[in-house]
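Hi there,

Here is the structure I promised to pass on. Have a look at it first, and my notes follow below.

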Amino acid sequence: MTGNAPPRAFSATTALSIAGGAALFAIVVWQVGPAEIRDGFRRLGWGIAIVAALGGLRFAARAAAWIACLESPHVLPFPTAFGAVVAGDTLGNATPLGPMVGEPAKAAYVRHHIPPVAALTALAIENLLYSLSAAGMIAAGMVAVLFAFDLPDSLREFSEVAVGVIVLLFVLALVALWRRPALLSRWLPLAGRPGGRLRSNADKVRTLESDIYTFASRRPGALLMVISCQGIFHALGVLESFITIWLLTDVQPALLVAFIMETAQRLMAVAFKFVPFQIGVGEAGTAAVTRVLGLGDVLGLNFALARKARMAVWAAVGTLLLIRHGVNSRTALEAKDAAS
């Protein structure tokens, strides 16, 4: 009976997230007008195929970074890693649990190639480096907005505080990598009963911490490969934003604007990961960004909808891959349990 509780709570949370996002989406569409949306998709035309292709290349960059993080002798074929990344992203975007399900889903997807513990350890390292790169992108975008645009005082103060918080997190991350504290394994035994599962897993968590801390010193070539892949991922995002704005306006945008738009998408993806496919919040947030940039709400909404169309294309592919490989939320959590 205890095992059935999580799905019920999960379903209720999903329903609330979707309902709230859909309501916000309807409000934004009503304010902008359906006619403007139809015109936006008319302008995109077959250019949406370019946007979708760039999205695929971004998945490929994350897949290559994951492969680089794998420890010998484990080897993962690139097509399998790519399919796992697409499938995991689909499942993660479809649920409020986000990475809590999406990352184990990738391990479940490749379970016939490498053990779950090897897959999840590599994913933990790749996600840490991705998170640092995304935080750097977000901070750079906010700094660009602060210097290049005239912002209301309240928004300027918020942006300055956000940049300060990100810089502080970077400093803490560097200190952690230097001092290598036992952040989880030291306190994990205190959280469980004597002889319980949490205490028995402390040694495994300690090993995982050591693998993460020593990755750069043990495998500098792999680290450089991962950093390059993350850089390509973000560069492709800026290119996608550049092309999308160009298609929607018929005017070549400034590269700085495309960069800021991409950093805004990264911020919303992080902040609203619990909202399935960021429905509603993505449209409202992007419209707010283009309003600040002096580009109007219409461009922001159509830009967000173009991203949604790209997400829908790859979600369809991911759904087929999930079905084909028998991966769902339950098998993903089973892979996580197997690793622990």
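Let me start with one tryptophan. Leaving aside residues up to four places away in sequence, W66 touches L76, A81, A84, V85, K106, V110, A119, A122, L123 and E126. Please keep in mind that this is a predicted model.

W66 also belongs to the largest nonpolar core, which has 40 residues; together with L76, Y109, V110 and F215, W66 touches the most other members. Two or more residues of this core come from each of α3, α4 (78-94), α5 (99-109), α6, α12, α15 and α16 (329-339). Helix α3 gives the largest share, eight residues. There is also a second, separate core of 18 residues, and F149, L151, V257 and L299 are among its members.

V257 leads us to helix α13, where V257 is one of the buried residues. Others on that list include I260, M261, A264 and M268, along with E262, Q265 and R266. The buried residues of α13 pack against α3 (47-69), α6 (116-148), α12 (220-249), α14 (281-292) and α15 (297-324).

I also compared the length of α13 with expectation. At 1.5 Å a residue, its 17 residues (255-271) should span 24 Å, and the end C-alpha atoms are 24 Å apart, so the two agree.

Finally, the surface. V161, V165, L168, L169 and L172 form a nonpolar patch there, with about 470 Å² of accessible area together. Of these, L168 lies in helix α7, which covers residues 153-179.

Happy to talk any of this through.

Best wishes

Terms used: Residues numbered from 1 in each chain as written. Predicted model: local features only at pLDDT ≥ 70, side-chain atom pairs only at ≥ 80, totals over all residues. Heavy atoms only, no water. Helix = DSSP H or I, 4+ residues; strand = E, 2+ residues; numbered from the N terminus. Expected span 1.5 Å × (residues − 1). Buried < 20%, exposed > 50% of the residue type's maximum accessible area, 1.4 Å probe, protein only. Contact = heavy atoms within 4.5 Å. Core = buried A, V, L, I, M, F, W, Y, C linked by side-chain atoms within 4.5 Å. Patch = residues over 30% accessible without salt bridge, like charges linked within 9 Å, V, L, I, M, F, W, Y side chains within 5 Å. Areas by Shrake-Rupley, 256 points an atom, 1.4 Å probe, with all protein chains shown as cover. Salt bridge = Lys/Arg side-chain N within 4 Å of Asp/Glu carboxyl O.
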